[in-house]
Amino acid sequence: MSQHDDSHHGAPARQFSRSDRSDEHNRDLAERVAKIESLLIAKGLVDKQALDRLVELYEHDLGPMNGARVVAHAWVDAAFKRRLLENATAAIAELGFGGLQGEHMVVVENTPQVHNVVVCTLCSCYPWPVLGLPPTWYKDAAYRSRVVTDPRSILAEFGTALADAVEVRVWDSSAEIRYLVLPERPAGTEHLSEDQLAQLVDRDCMIGLKKVRRS
Amino acid sequence: MSEQRLASPAIAEMSGPCALPRQSGELVFNDDWERRAFAIAVSLADQGHFAWREFQQQLIESIAQAERRDPQNPSRDYYESWLVSLEALLRRKRLAED
């Protein structure tokens, strides 16, 4: 299982994203699952609500939305932002997120002068309770080494052009410390609510590959 | 035990051919039955009816089997292999007998 593809844009080659199944075949598969599900429910081995909660959990609750809410809250609440930059683990826990790999967090702030990028050169550590599941390319060895040697070229691939005067800082996550980038709040978003702001923030922004754009 | 607050790294971070299909880090399901099949396997493992690595091993085998003739063009897609694995494991553990 050492195989990695070279895709850097979240579309790994070997994983399908669109189903080519015929309707008939798809119905047959759906029936097989329904049969298993009702049998297991009848035997009391699973229950419908627990299954729904699990899907929720893996699909949304751990998604980038948690991190996005942290970022949006920091944008609207200066005192929270200060606490976040001082002790991210505690500040993030205030919002009810944390646990597992998200435990020891450090938040680094992007400014007009400094752009931060996060990588893990050793073991692809990743604060996934806050950021959701890591993208496949994050674990790619070539990506990891290039972020360190030539971060601007990686940023350019993600459409992030930085002026030469901007300092790029690369943060190497480890088992002890996980970094999260606090992106700059885009101009012209003063009228947006915290929830609306959170929707502008995606995972790539919180690794520092992209800037947040006003949608 | 089924009341779980955080996703399990053993599941979320599977790598290689059995890595969960994702887009921008988030899981991709094409149909609702794929979600159901995903959740059933995770729930049974959470409750200790089998170890996650048993399911993972079965999944690796099912995917390899689907790719045997033409790796570029597998005879089953990811979640169909997932379902085949789930059915096989349920049979082996005698969990789904009428």
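The legends below describe close-up views of a predicted model.

**View 1. Overall make-up of chain B.** Chain B contains 4 helices and 2 strands. Read from the N terminus, its elements follow the order α-β-β-α-α-α. Of the 98 residues in chain B, 42% are buried. Among contacts in chain B with a separation of 6 or more, 61% join residues 24 or more positions apart.

**View 2. Helix α4 of chain B.** Helix α4 of chain B spans residues 78-92, which is 15 residues. The distance from its first C-alpha to its last is 21 Å, close to the 21 Å expected at 1.5 Å a residue. Because 11 of the 15 residues of α4(B) are buried, the helix is largely enclosed by the rest of the structure.

**View 3. Buried residues of α4(B) and their cover.** The buried residues of this helix include the run B:Y78, B:Y79, B:E80, B:S81, B:W82, B:L83, B:V84, B:S85 and B:L86. B:L89 and B:L90 are also buried. Their cover comes from both chains: it includes α1 (23-42) of chain A, and α2 (32-46) and α3 (52-66) of chain B.

View 4. B:R94 is found in the segment after α4 of chain B. Its phi is near 50°, a positive value in a residue other than glycine. Most residues other than glycine have a negative phi. B:R94 has 7 other C-beta atoms within 10 Å, and the cut-off for an exposed residue is 12 or fewer, so B:R94 counts as exposed.

**View 5. A:D195 in helix α9 of chain A.** A:D195 belongs to helix α9 of chain A, residues 194-200. With 10 other C-beta atoms within 10 Å, A:D195 is exposed. A:R69 is 126 residues from A:D195 in sequence, and the two C-alpha atoms are 7.4 Å apart in space.

**View 6. A:G159 in a loop of chain A.** The loop that holds A:G159 runs between α8 (151-157) and β3 (167-172) of chain A. A:G159 counts as exposed because it has 11 C-beta neighbours inside 10 Å. Along the chain, A:G159 and A:L209 are 50 residues apart, and their C-alpha atoms are separated by 8.5 Å.

Conventions: Residues numbered from 1 in each chain as written. Chains lettered and ligands numbered in written order. Predicted model: local features only at pLDDT ≥ 70, side-chain atom pairs only at ≥ 80, totals over all residues. Expected span 1.5 Å × (residues − 1). Buried ≥ 20, exposed ≤ 12 C-beta atoms within 10 Å, placed from the backbone. Contact = placed C-beta atoms within 7 Å.
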